[in-house]
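Dear colleague,

I am handing over the structure we spoke about, and I would be glad if you looked through it with the notes that follow beside you.

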Amino acid sequence: MDSNVKISFPAFKNFMFFATLFLVVFSLGFRFHNFDYDLWARLIQGAHVSEFHAPLEVDFYSFTPTHTWYDPEWISSWIIYLIQSKFGTVGLVVFNCLSFYFLLCLIVFLLYKLNIKNKPCNLFYFSTICAIVTLNHVLISFVRCQIFTFILFALWLYLLETIRKGKIKNCIFLPFIMLFWLNTHGGCIAGVGVLFLYIIGEILNKKPFKHLLITFFVTCLMFLINPWGIEYIKFIFDSAVINRSFISEWNTFFNVIPIEINPYFYFLLFAIFSYIFQIFKTKQTIFTLDKVKLILTIVLTYLSIKYLKHVALALVFFSMFLFDDIMETLKALFKWVNIKFLKSLVIIFYFILFSYSSLVLLAYSFDASYKKAFFDKYPIEAMEFLKANNYSGKLFTHFHYGSFIGYKYSPNFKIHVDGRQEQVYYDGLLKEQYDFIQQINKDLILKKYAPDFIMLDLEYIANYELSKNKDYFLLYGDKKVNIYALNKHKKKKYAKVQLDKDKFLEEIFKTNVKFKKD
């Protein structure tokens, strides 16, 4: 190397930023194991798409009444299936990490393209991204279709902003993005909602909006292009308002994570404070405020507090739209900080995080603990006991385990419900499951379905009532679950399970599911 060539500080800092970000994402991706319990339904759907080039429309592993399987995730399921079939478990982990890393880099790139006056590669922005990544139960999980919504949502916001800046020709891209989005993840409704809010905001801004209105109607027409026709439109919009209070990610965010250890809570407070502070500092009035930014800030703040599921979308928006407000506020609060000292601090921060993430990633990649986590998440030993004793029939259990049982143990067992809630099941089934587990309605499941087997986590209070029920007996119990069975399933002798965990993990994605041609 030429000794006269010097690496500039900004270039070195940018390299450290992206390299450290890469390591942070991958170390968290390999370390945390927040599995998507619906992964197995995704693989079933993906396998069908791969074999027949069309989504599976009929459920086959539930004993409850089901309707047409409207699956907005059929394309993403196909992508996930192809990755799993080619590269196995590690392929899914790597794909998930790469997808999330791409999302974060995309946000940085779009910030540059939007001519943000504060350059993104700095200590605060990196800290913000770290806060996003630490929400691992939402974002860093075992590959979920929602990653497509996060990426498309960021791109959607960027295109709308370029349109507002005068590049009206970019309107043509939105309907085509929606065509892919609506067949990839149900979060496509967020794109429609944001486009509508842009129209309202531009009307209040007294700016031209007809091009956005035309784009809105054309985008809505794209919903007609799907495997199910016009019925899908009703489904997708009904699913936006369905009651999901029995699912943790659709609960209020602060009910799931205590405020004192909640990084999003502190980020949200500072982001909103910065926005309001800059409004007063620049002496803006209600007449001069950007109504689009104001409306989106209010709506996404509310939705992120109301539903854990929407936190990721809010973080994408705040990172792109409130970035300058946050940076200007930081400058005002810490104007006494020496710039050279701050630069040194940034490099030290990067170096420490770089080193730590490298060690974590190295340790967990060799340990492959993400594979062992299957045994922590699923009642594998209990199901293998049933399989070893040649049991079959209707199996009632928590919806988290449903798609795994359908994928791995079909056709011997049929389940009550799984996480496909509105996609397959009629409204109310999740509530009846919740009511039974919590013993709000003690006999509903028993009288309505008379399941052959009932599998319950040990902490469920329904265990106490079932232990006294004369029609059922305790068939199996371990550190995770109890299995109760109808008395007719009693045997004099039971086969013991000698489970080779390593071999089972090697065949974790092996299934007996076979599709019939329509």
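Does lysine 283 count as buried or exposed? At 73% relative accessibility, lysine 283 counts as exposed. Please keep in mind throughout that this is a predicted model. Lysine 283 sits in the loop that runs between helix H11 (263–281) and helix H12 (291–306), and its phi is near 55°, which is a positive value in a residue other than glycine. A second residue of this kind is asparagine 390, which is not a glycine and yet has a positive phi of about 55°. Asparagine 390 belongs to the loop between helix H17 (380–388) and S1, and with a relative accessible area of 67% it is exposed.

Proline 411 is placed in the loop between helix H18 (399–409) and S2.

That brings me to the sheet. Five strands form an open sheet in the order S2-S1-S3-S5-S4, and the pairing is mixed. Strand S2 (413–415) and strand S4 (472–477) stand at the edges with a single partner strand each, so that one side of each is left without a neighbour in the sheet. From one strand to the next, the twist averages 30°.

Within this order, strand S1 (residues 393–396) pairs with strand S3 (residues 453–457) in the parallel sense, over two bridges, and phenylalanine 396 has isoleucine 454 in S3 as its bridge partner. S3 and strand S5 (residues 481–486), by contrast, run antiparallel and are joined by five bridges, with phenylalanine 453 standing opposite alanine 485 in S5. Strands of a sheet pair through backbone hydrogen bonds, either parallel or antiparallel.

How many of the five residues of S3 are buried? Five of its five residues are buried, so the strand is mostly covered, given that buried means under 20% relative accessible area. In a regular strand the side chains alternate between the two faces of the sheet. In S3 both faces are covered, with Phe453, Met455 and Asp457 buried on one side and Ile454 and Leu456 buried on the other.

Turning to charged side chains, a search of the whole structure finds 14 salt bridges. Side chains of opposite charge can pair when their charged atoms come close. One of these salt bridges is formed by the side chains of arginine 164 and glutamate 202, at 3.3 Å from N to O. Arginine 164 lies in helix H5 (residues 146–164) and glutamate 202 in helix H7 (residues 188–204), so the pair ties together parts that are 38 residues apart in sequence. Arginine 164 is partly exposed, with a relative accessible area of 25%, whereas glutamate 202 is buried, with a relative accessible area of 6%. Both residues also belong to a network of salt bridges that links Glu161, Arg164, Glu202 and Asp290.

Lysine 293 and aspartate 325 form another salt bridge, in which the closest N and O atoms are 2.5 Å apart. Here lysine 293 lies in helix H12 and aspartate 325 in helix H14 (residues 323–333), so this pair ties together parts that are 32 residues apart in sequence. Lysine 293 and aspartate 325 are both buried.

Lysine 431 counts as partly exposed at 41% relative accessibility, and aspartate 435 counts as buried at 9%.

Leu221, Leu224, Ile225 and Ile230 form a nonpolar patch on the surface, with about 410 Å² of accessible area together. Of these residues, isoleucine 225 lies in the loop between helix H8 (210–221) and helix H9 (230–238) and is partly exposed, with a relative accessible area of 45%. As for disulfides, taken as pairs of cysteine sulfur atoms within 2.5 Å, the count comes to zero. Cysteine 145 is buried, with a relative accessible area of 3%, and cysteine 171 is buried as well, with a relative accessible area of 9%.

With kind regards

Methods: Residues are numbered from 1 along each chain as its sequence is written. This is a predicted model: local features need pLDDT of at least 70, side-chain atom pairs count only at pLDDT 80 or more; totals for chains, interfaces and linings use all residues. Side-chain values use heavy atoms; hydrogens and water are left out. Patches are made of residues with over 30% relative accessible area and no salt bridge: like charges are joined within 9 Å, nonpolar side chains (Val, Leu, Ile, Met, Phe, Trp, Tyr) within 5 Å. Accessible areas come from the Shrake-Rupley method with a 1.4 Å probe; for residues, only the protein chains shown count as cover. A salt bridge is a side-chain nitrogen of Lys or Arg within 4 Å of a carboxyl oxygen of Asp or Glu. Helices (H or I, at least four residues) and strands (E, at least two) are DSSP runs, numbered from the N terminus. Buried means under 20% relative accessible area, exposed over 50%, partly exposed in between (1.4 Å probe, protein chains only). Two strands pair if DSSP finds at least two bridges between them. Axes are lines fitted to C-alpha atoms, for helices over the stretch in contact, and angles run from 0 to 180 degrees between N-to-C directions.
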